[in-house]
Amino acid sequence: MRLYILQRLLSIIPVMLVVAIVVFFLIHLTPGDPASIILGPDALPEDIKALRTELGLDLPLYQQFFSWFSGIFVGDLGDSLYLDMPVLTAFTSHLGPTLSLAILAQIISIVIAIPFGIIAATKRGTAVDQFFMVFALLGISIPSFLLGLLLILLFAVELHWLPAAGYQPLSAGLWNHLKFLILPAITLGSIQAALIARMTRSSMLDILSMNYIKTAHAKGLKERVIIYKHAFRNALIPILTVVGQAFGTLVAGAVVTEAVFNIPGIGQLIVNAIQRRDYVLIQGTVLLIAGTYVFINLIVDLLYGVVDPRVRLNKK
Amino acid sequence: MSSQPLLEVNHLKTTFATEEGPVTAVDDVTFGVNKGETIGIVGESGCGKSVTSESIMRLLDEKTTKYEGEVLFEGKNLLQLSKADMRDIRGNKISMVFQDPMTSLNPVQTIGDQIAEVIVIHQKVSKGEAFKKAEEMLRLTGIPAPEKRINEYPHEISGGMRQRVLIAMALACRPKVLIADEPTTALDVTIQAQILDLIDELKSELEMGVIMITHDLGVVAEVCQRVVVMYLGQVIEEGEVGTLFSRPLHPYTRGLLKSIPQLDGDRTEKLHVIEGVVPPLTAVPTGCRFAPRCAFADDHCTSKAPVLEEIGDGQKVRCWKADELLKKEGHEHNAATI
Amino acid sequence: MQQQYEKQEPLLQVKNLQKHFPITNPLGKVTGHVKAVNNVTFDLYEKETLGLVGESGCGKSTTGRTILRLTEPTSGTALYKGKDIFKLKEKAFMPVRKEMQMIFQDPHSSLNPKKRIGYSIEEPMKIQGIGTKAERMEKAMDLLNKVGLRRDQYYRYPHEFSGGQRQRIGLARALAVTPKVIICDEPVSALDVSIQSQVINLLQELQEEFEQAYLFIAHDLSVVRHISDRIGVMYLGSIVELAPTDELFKNPMHPYTRALLSAIPIANPHRKKERIVIKGDVPSPTNLPTGCVFHTRCPYAMDRCKSEAPSITQGANGHQVACHLHN
Amino acid sequence: GKSGNSGEKGGTLNIAYMAQPPTLDPHVTVSVATTDIGRNIFETLLAFNERNEAAPLLAESFESSEDLKSITFKLRKGIKFHNGKEMTADDVVASMERWRVLNGKANTYFSNSEFVKEDDYTVVLKMDKPFTIAKYILSTNINFAAIMPKEVIENAPKAGVKEYIGTGPFKLDEWKQDQYIKLVKNEDYQSPRSEPDGLVGKKEPMVDELNFHMVPDASTRTAGIQTGEYDAALQIPYDNVPAIESDGNLKAITHPEGFSTVVYNKRNGIFSNEKARQALNLAVDKKEVMMAAFTDEKFYTQEHGLLSKEFVSWYSEQGKDKYDEYDPEAAKKLFKEAGYNGEELTILTTRDYEDQYQIGVVIQENLKKIGVKSKLEVYDWATLMEVREDDKFYDLMPMGYNPVTDPTQINFLDSRTKYTGWSNSPEIDKLLDQLMVAPSDEAAKEIFGKLQGESWSYLPAIKFGDYDGVAAIRTNIEGFEWFHGPVLWNTTKSN
Amino acid sequence: MLAETRKVVGTDVIGQKREIAKERRALFLRRVWANKMVVVGGVIIFLITLLALAAPLITQFTPYDLEAVNRLKPPNATHWFGTDNFGRDIFSRVVYGARVSLAVGLSVAIITGFLGLLIGMYSSFYRILDHILMRIADGLMAFPSILLAIAIMAVMGPKPINVVIAIVIVETPGVARIVRSAALVVKEQTYIEAARAQGASSWKIIWSHIAPNVLTPLIVQITYVFSVSMIIEASLSFLGAGIPVPEPSWGNILYDGKSVIQTAWWMTVFPGMFLLLAVLGSNLLGDGIRDLIDPQSNKAKK
Ligand SMILES: Nc1ncnc2c1ncn2[C@@H]1O[C@H](COP(=O)(O)OP(=O)(O)OP(=O)(O)O)[C@@H](O)[C@H]1O
Ligand SMILES: Nc1ncnc2c1ncn2[C@@H]1O[C@H](COP(=O)(O)OP(=O)(O)OP(=O)(O)O)[C@@H](O)[C@H]1O
Ligand SMILES: [Mg+2]
Ligand SMILES: [Mg+2]
């Protein structure tokens, strides 16, 4: 088992390699120059040139790539061109808000979506089913910049229940931390909830037609016990997959939501880095996100084994 | 026969709502099971055996299924029972072994959990006790080292063992009636024999009534006291095993019995077949359902549906020609088969 | 009949066939093997039906699948018309595929649920370029009729059929191209007796007409007896006894065969007979017993059986058996 | 100096700001954010007073020599840097020399000049020729000449100093990247004595903390001030102003924000032809342009002058006639004459500055009306900055500029700056040179008038008008002033 | 005896076949009609498409006509949906915007569906390819769509097609993964083995046996992609990398409306409603089609 985890973790390397190459050349081929952005639109060509030299941007591309890439192996992702800090520090300092947000959003979406999906499945074809599914679709029909703003207008501006935007770390107290995250988490969660609810429903439908559900009925079990104890656990694998992917995308940056709610997370980090053409930061962040992705997928895969004993054996 | 059957199915009719309109898979099925008796249900594949057994337990999807008639058990009509009362009966007083052992066990729970579960809900004992009982049941079914197996998952054991787990589960609460839907189809004869023996032993011990659904007439001959023959959703003949095998009255039953390859038969001879094909449930013939394939059918048969009638010796048959046939070949037949 | 065979060249000769499935841990490292088929040797002659019986899980299906190279054999040879088909490249094997078909054991999963059964039946013809579209359709409908289904069921999907009907569809599919060899893996196990006899008769008719050879795998010994010219009895991956049908029933030599025969339920409530009960559980195919594989459950097991695997001995009347009691 | 220090002291002022500055070092960047935040930390020798005249700030006084070839600065005594060190001429010289090299304009105009220390409290700027408007360049508020300690200057990397130590009323306390910049009151601040006047005069840090929150999304800034999370929010969308005004707790403050233009590519394509440039000037409805971008007359002035109206001393009527022209029919003809035959013109713009994009949309529509095809190419700002350097890439580029304090700061005039658009008018260049060495303010003003006239006929760009920005503050904030950016000293917050 | 039945039926095979086919068509139509989801979803999508195609006929204004003095007028008799911040007619922008949004949604859905199917299928079938493709997919999934969008738009120019490319790149790995996971299960089924036993080529096995069985999850996924890509397009507008304006798309109308949401609700409500309808319609249609092509689901239908 430990070996397996190790091997999976090692599979990060090829992923990272792909990502590293693609992101490096992609971003360097994109127009825009970090030096001229730092110095502003009226900067003199000589100054820009001097800054480019100082930042090492005037070296041939392959040389830049190798010096950056070789750094990765000793754990050095380089320093941000704009933010005056190592990439790793920038990433970790932005990871906290993103993680809190992702976890809260995920909890919200799961709490809404799974019961919805289950109820819709058990009431398949009825009005209840249709109502829940349409409701779930609302989540993916409203762009988050709009939903976020509407939530702010309602809960912050009108009702004054929650702050409009911003972020406080956990160290400022749990409520202080949470109150800034509730609205963005709902914004994000509603999108995820739609997908998870749909997946839950279809997966539950598959399971509910299985023979062992009939066996459970024949045992004289209550409907509720059958659904939650027998059916749901079997239906969990595809649900877990989407939850895992959803979580991955959340961590990779809820770009829009973070911008609307002004949460200093990974999404903001990457958007700012892109707008500033902060090459080193973009490269490093994308790389770290890829790593996070692989890591989350690993956890999901391990959870498969916990949920379904068959998976433990059938692993290839 | 005995005064009051343990379980009585009266004019059961099960209708499914389908896209192509209502489909009556089981139509006017009547039979009963007594204490300590094994009754066999045989018939063409698709004739409604499983639907009959699932109707007794009311396991079919309530939304698309309509039941008519009655299923009497301990004086109550199961088809009218509340859901909660029905749950008390399921798995407790009447239990069922499903047709397909491979898919009838929950893949994510251990065998022990699944057996203990039924004990916990019906006998209100602690989990630990239930596990002990589960282990005991497994031992009874002849599974070696049940204390180990109890913690294994269904995919870790063989098909024969899964079948035995299902039986253990069904018998865990010592039910009054056991419905076994083709419990041995997937098994080879040696294991089949073991399982049949087991059911037989428990039957005598618990005075259970057993409904045994099977294709294998050999099995019927070995374990059943009475047989019900079904065709296209209807019971067409019912009787004591001995009588029925030696004096089948319905032309379909006769065809069925004649089709069995005999162990001592002449191998060069062709097997007997019943001509024609079973019509779909959406187009059941008016009149006798077997008439289109029957050698004896006449206009009366094709126009008017026969009813199930007692002929004597507890034998019932649904055929206009039964009397005629009985008279004509009663004695010849005995000589031919045995 | 068997004398006849001796003169004839066998159509298919399987020698020392072995198939071990590796068991891997999550890392892909092999930690052991499921020894599904250990030592299977038999000949199959033209127009012949060879029955194969044995405990569930003893490797019958695997034997069939390996011969068709649906899984690659671990070792052994299979000569078809004198050519070793295990050594052929995938391309060169294609023409052989045309002459060998299989009816799969599991009627539930061997039909593509998204394809109309008409399509499934026509497909082998299409692959081998037989006939025009209309001809193929005609033939498929014909085959449906032959196996006791209705022509209008051509457009139906597999789930609309009962297990028995599906099994017949599988049969129709195998018959769509007239193969020389059909491996019938329990083709009648889900059928009720009336349809069972219909199918068996059909198989026999076709054998007459097209001179096909069948490897007929089944649980039901009375059926096997009826259709087979010879019967092989398998136990835990090996053929322990192989003899012409009447010879086997008259004179079963291996203790397992005897137990098997004694357990056959007879469809006659007036006849009861003694059963030989074999005790114990089937050993795991990952961890085969030493010596004779049956010794752990054999009522006649001797010391020798535990250490030494019996070899196959040729007896009279073409009767082969692998048992220390008989050599 | 309208507002006194009537309010209470103390408290934290939370300001919702748009974007994080790349650095707080005013020497290295023209970023407005650096100015807005940095002016609280750093101070300059000279700064603008309310009439946009150069006035002494860290200097006690300054004086030009007779020949206009040198300026002498007397420094105020007892000024302490945030690190406790006293400011002397050494620090001033080091800072000014660094700024002279790094500031684009200074680098051009002071390339042969030098700051020298005369004594500890006297510094002299020595120039090679007479230079009238030197004092304006020295007072510039963007990319400004902050005075920092000499040691800091000596260790400064190219991308900007890392220790932000100035003499201003607030000190940098914490900079949480992309979240906030927190300044705290400088208890030892030495204020000029005179009445508050623009950026000079009495400056007193009233609140304990200034907290600049980086809130890039405009709607969020609006919502944040509505909920009271912020005390002030800058760059409120014009369309949100009614919501602000209807809220009793809020006040909208409009302030000059810049001027809008469209820059021609004069090196390649049709607009290298002066006729075509004039044709466009005739074709575009300038009112519609300003309206679309700035929504309401409240927020813009149609203004032909290169410097906005507040720069009273520079005002000139020259070019107004050209500005007022609007005649699509004539435009159509003129385009033909210029050789236009159906090619598709490229308008380069970005949505990072919504007004520029909106101007682009209107220009496109106006062109369409006279049968000129064009397409909008919208890029993000960074890309635009790069592609606009390519003279084959675009024909027109709507661009907004911060208010400039003297004509030399207008990028598109001088051909020698090689600014995108590539102006190439020897006439304008000559006038600019004359302007710089004009013997007196009056002479300068006259030359400027000519320059403005010439620029309207050469048309390096069309100026559409001046526009305002809107800041919102809560009503418990007093003394919040806007002068080329928020003025946050003297600002109080009551409870 | 079996031969006899054959003969009897054989006389009118053609007629019977025609009969069967006719019945089949009738049944299929009946099933389509009975499937409320397909009907409702189909009608919604059809109407929106019709509206988009007929845009020039039903609008009085072009989506570009601006009239700055008329900016932000609430819905009235001339401007049914009001005007936007340029004084452009929102009704006409929404209707024309349907063209872009539907085109983006559809083309992304179709392209990702196709690529996802291709990649998913082949990587499920060939082990080595699987390793390569899935690592690339993992890598691509880590890319922020905004980065790709900006990069692609910057390199290849701001054209609607590049928005599509950017979204396709981001969405394809997900679709491929779903297809692959479904195909891995299907691949192990006996019917695949059966096809192999008949000598079917890998190509045939992949495309005519595995592919139809992964269609269900694929359809669910691509209707999701259809919806999501319209939203992503909107979000890209939000980040300044969406459909190049002034071409209207629901995304950029919504984005323009965002800043005036407190004063001009009509700028967000109308395009928002259309977006919602399109999402709803496509999802209903997708679910319905899935039910239709899934032969098994008919049984459970009422
Ligand atoms: N839910 C359902 N909806 C519609 N028809 C059904 C349903 N369930 C079963 N049927 C039909 O009812 C008939 C009887 O099915 P049943 O499963 O009882 O057959 P069986 O006798 O058990 O056959 P087998 O021997 O193959 O198990 C079949 O024709 C079947 O297609
Ligand atoms: N792909 C596989 N991988 C691993 N083990 C396998 C595989 N296929 C079959 N086996 C194992 O090989 C053994 C023989 O299987 P096989 O299917 O040949 O048995 P069988 O004789 O056909 O049994 P039955 O009568 O139940 O069909 C079993 O233990 C089975 O679990
Ligand atoms: Mg059944
Ligand atoms: Mg098998």
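Biologist: Which residue of chain C has an N or O atom in its side chain 2.4 Å from an oxygen atom of ligand 2?

Modeller: This is a predicted model, where local features need pLDDT of at least 70, side-chain atom pairs count only at pLDDT 80 or more, and totals for chains, interfaces and linings use all residues. Residues are numbered from 1 along each chain as its sequence is written, chains are lettered from A and ligands numbered from 1 in the order in which they are written, and side-chain values use heavy atoms, with hydrogens and water left out. A polar contact is a pair of N or O atoms within 3.5 Å; within protein, one must be able to donate a hydrogen and the other to accept it, and residues adjacent in sequence count only if both atoms are side-chain atoms. The residue with that side-chain atom 2.4 Å from a ligand 2 oxygen is C:Thr62.

Biologist: Which element gives the most to the shell around ligand 2?

Modeller: Helices (H or I, at least four residues) and strands (E, at least two) are DSSP runs, numbered from the N terminus. Two elements of chain C give two or more residues to this shell, β2 (30–44) and α2. The one giving the most, with three residues, is α2(C).

Biologist: Which residues are the protein donors of the magnesium ion, ligand 4?

Modeller: Donors are N, O and S atoms within 2.8 Å of the metal (3.2 Å for Na, K and Ca); water is not among the atoms, so sites may look incomplete. Here the donor atoms, OG and OE1, lie 1.8 to 2.1 Å from the ion and belong to C:Ser61 and C:Gln105. C:Ser61 lies in helix α2 (residues 60–67) and C:Gln105 in the loop between β6 (100–103) and α4 (117–127), so the pair ties together parts of chain C that are 44 residues apart in sequence. The names you wanted are C:Ser61 and C:Gln105.

Biologist: Is C:Ser61 buried or exposed?

Modeller: Buried means under 20% relative accessible area, exposed over 50%, and partly exposed in between (1.4 Å probe, protein chains only). C:Gln105, at 32%, counts as partly exposed. C:Ser61 has a relative accessible area of 19%, so the word for C:Ser61 is buried.
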